[in-house]
Amino acid sequence: MLSDKFKNQIHLHFLVFIAGFTAILGELISLDATPLVWYRMVIAGLLMFFFIKIKKISLKVSIKALVQFSLAGIIIALHWITFFASIKASNISIALAMFSTGAFFASLIEPIFYKRKIIKYELFFGLIVTLGIFLIMQTELKFLLGILLGISSALFSTLFAVLNGKFVAEHNASTISFYEFISGVVFISICLFFTSDGFDREFFNLSLSDLGFIFILASICTAYAFIASVHVMKYLTPYTLVLTYNLEPIYGILLALFLFPESETMSTSFYLGASLIISTVVLNAIFKQKSNKIKS
């Protein structure tokens, strides 16, 4: 019989694979980034609502908490929009490589939110990340817009993670996500309302393939992945979770190379730069764990 820990480690790698597959779906779905994220958040929000009702989880929160969750919902919406826009403007490999720069942003943002000193090795790792981006831009300048959107996505993702880290300490994770999804939908809807081609007939004219891929994105890659990640946290250490999730860009890039070899095969400089960025992210997680052990 497999132990609970081992089964959840396998489950965790499956969740990371799903996270990497999100980028693949972004390439397969023909919609632009903004409507794509609108549909994702609408469906994920509805599924999360049904889950909350089945589990009889309370949705009661204070006005202050609701405002905070709404802000986080706008940030995660911007993260997803810039991430999928990066894929549309360049390709999956560029978007995932740039997404990995989030660890560098965390080294600058976390000290502000948690009122701690900036750690020297994190700044050193930040320089390596910058070198990785420079190497990628040397030969992939034609993807400059995708690179900038990918970096923006990483920044929004880091802001969201830092905010959510504070929320989870006081509120139920499913309740938080439900309000974040709803606020994201409201935010995007307002933006679309003021655009000339917002909620026109074409917006709701989805092909069967797009509809199917969006449902997979919202259900498996969003609602299920979130609920399942909360479950595996009960059996695995935070270090294991962080370190394993850092494999997301590796899984995603390998999947992209396998499925879209013509558009995803990149230059040697790209793979060198991406390796520097991803290796730095993994090393940062290892250093953090060692630092925490010394403190304890």
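User: How do you know that the span of α9 agrees with its 25 residues?

Analyst: The expected span of a helix is 1.5 Å times one less than its number of residues, so the 25 residues of α9 should span 36 Å, and the 33 Å between its end C-alpha atoms agrees with that. Helices here are DSSP runs of H or I with at least four residues, numbered from the N terminus. This is a predicted model, in which local features need pLDDT of at least 70 and side-chain atom pairs count only at pLDDT 80 or more, while totals for chains, interfaces and linings use all residues. Residues are numbered from 1 along each chain as its sequence is written, and side-chain values use heavy atoms, with hydrogens and water left out.

User: Where is the kink in α9 centred?

Analyst: The kink, of about 40 degrees, is centred on A225, the bend at a residue being the angle between axes fitted to the seven residues ending there and the seven starting there.

User: How many disulfides does the structure hold?

Analyst: The structure holds zero disulfides, a disulfide being a pair of cysteine sulfur atoms within 2.5 Å.

User: Which residues does I188 touch?

Analyst: Leaving aside residues up to four places away in sequence, I188 touches T34, V37, W38, M41, A77 and I81, where contact means heavy atoms within 4.5 Å.

Note on methods: Helices (H or I, at least four residues) and strands (E, at least two) are DSSP runs, numbered from the N terminus.
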